[in-house]
Amino acid sequence: MAEAQQDAPQGDQDATMVRIGQAIMLHRGGDREEARNRFAALWAETDVEADLFHRCTIAHYMADTQDDPADELAWDLRALAAADALDRDRVSRGEHQLAVRSLYPSLYLNLAADHVKLGDEEAARCELERARRRLDALPADAYGEGIRAAIERLEKRIADGAASPGEGRGGPGDGAGPVL
């Protein structure tokens, strides 16, 4: 299912986002391995300090390509670390400021789902509370409503005792992917 990858100069921000989008489409199309390979290549090509938004996005989606819940958690933590670094970087975050603010509820939701998969419901509840505290940053649109609904569903699963290791991420769609 691998599709042709567009050549993208490393310095071209839009081309990087196109390549990220291609990897996302591969994953959504069922080719996890190729998506994982593409995300890994993008991760290796991006600058730790200069490409924080891209690194956040890559890690956020790379988490979903992982087979091991501990690896998924590690990638989601990388996404959060990049978002935090970008949020602290007041000089260069301008164009990504709103995107980063609205990304936090999704990042925390995914961390909560990771903790559920690993059987740590207390940590999951903590991450869901962090997500709730950031809900004001979400737009009043389908994306925002999807995140809010996913938080509610995961909270209900935990409260009902239905959450157990190995279950889905609690995303607004089919529950199997990030909600970025």
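**Aromatic pairs and burial**

Reply: A search of the whole structure, which is a predicted model, finds two aromatic pairs. One of them joins Trp 43 and Trp 75.

Me: What makes the pair of Trp 43 and Trp 75 edge-to-face?

Reply: The ring centres of Trp 43 and Trp 75 are 5.0 Å apart, and centres within 6.5 Å count as a pair. The planes stand at 80° to each other, and planes over 60 degrees apart count as edge-to-face. The pair is therefore called edge-to-face, by the angle between its planes.

Me: Which helices does this pair link?

Reply: Trp 43 sits in helix H2 (residues 32–45) and Trp 75 in helix H4 (residues 69–88). The two are 32 residues apart, so the pair links distant parts of the chain.

Me: Why are Trp 43 and Trp 75 called buried?

Reply: Buried means under 20% relative accessible area. Trp 43 has 18%, so it counts as buried. Trp 75 has 12%, so it counts as buried too.

Me: How much of the protein is buried?

Reply: Buried residues make up 47% of its 180 residues.

**Helices and their packing**

Me: What elements does the protein have?

Reply: There are seven helices and zero strands. Among contacts with a separation of 6 or more, 59% are between residues 24 or more positions apart.

Me: Why are helix H3 and helix H4 called roughly antiparallel?

Reply: The axes of H3 (residues 52–62) and H4 cross at roughly 160° and come within 7 Å. Angles over 145 degrees count as roughly antiparallel, so H3 is roughly antiparallel to H4. H3 passes H4 in a left-handed crossing.

Me: Which residues of H3 and H4 meet?

Reply: From H3 they include Leu 52, Phe 53, Cys 56, Ala 59 and Met 62, and from H4 they include Trp 75, Ala 79, Ala 82, Ala 83 and Leu 86. By class, the contact of H3 with H4 has eleven nonpolar, one polar and three charged residues.

Me: How do you know that Met 62 is buried?

Reply: Met 62, which is found in helix H3, has 4% relative accessibility. The cut-off is under 20%, so Met 62 counts as buried. Leaving aside neighbours within four places in sequence, Met 62 is in contact with Arg 36, Phe 39, Ala 40 and Trp 75.

Me: What makes H5 roughly parallel to H7?

Reply: The axes of helix H5 (residues 97–117) and H7 cross at roughly 25° and come within 10 Å. Angles under 35 degrees count as roughly parallel, so H5 is roughly parallel to H7. H5 passes H7 in a left-handed crossing. Among the contact residues are Leu 103, Leu 109 and Val 116 of H5, and Ile 147, Ile 151 and Leu 154 of H7. This contact has twelve nonpolar, two polar and one charged residues.

Me: Why is H6 called roughly antiparallel to H7?

Reply: Helix H6 (residues 121–133) and helix H7 (residues 142–159) have axes that cross at roughly 155° and come within 11 Å. The cut-off is over 145 degrees, so H6 is roughly antiparallel to H7. H6 passes H7 in a left-handed crossing. The contact includes Glu 121, Arg 125 and Leu 128 of H6, and Glu 152, Glu 155 and Ile 158 of H7. Its residues divide into six nonpolar, no polar and five charged.

**Two more residues**

Me: Why is Arg 132 called partly exposed?

Reply: Arg 132 lies in helix H6 and has a relative accessible area of 29%. Buried needs under 20% and exposed over 50%, so Arg 132 falls in between and is partly exposed. Not counting residues up to four places away in sequence, Arg 132 touches Ile 151, Glu 152 and Glu 155.

Me: What makes Glu 33 exposed?

Reply: Glu 33 lies in helix H2 and has 53% relative accessibility. The cut-off is over 50%, so Glu 33 counts as exposed. Glu 33 and Gln 66 are 33 residues apart in sequence and 9.0 Å apart in space, C-alpha to C-alpha.

Terms used:
Residues are numbered from 1 along each chain as its sequence is written. This is a predicted model: local features need pLDDT of at least 70, side-chain atom pairs count only at pLDDT 80 or more; totals for chains, interfaces and linings use all residues. Side-chain values use heavy atoms; hydrogens and water are left out. Axes are lines fitted to C-alpha atoms, for helices over the stretch in contact, and angles run from 0 to 180 degrees between N-to-C directions. Helices (H or I, at least four residues) and strands (E, at least two) are DSSP runs, numbered from the N terminus. Angles under 35 degrees count as roughly parallel, over 145 as roughly antiparallel, 65 to 115 as roughly perpendicular and the rest as oblique. A crossing is left-handed if the near helix is turned anticlockwise from the far one by less than a right angle, and right-handed if clockwise. Contact means heavy atoms within 4.5 Å. Ala, Val, Leu, Ile, Met, Phe, Trp, Tyr, Cys and Pro count as nonpolar, Asp, Glu, Lys and Arg as charged, and the others, Gly among them, as polar. Rings of Phe, Tyr and Trp (its six-membered ring) pair if their centres lie within 6.5 Å; planes under 30 degrees apart count as stacked, over 60 as edge-to-face and the rest as tilted. Buried means under 20% relative accessible area, exposed over 50%, partly exposed in between (1.4 Å probe, protein chains only).
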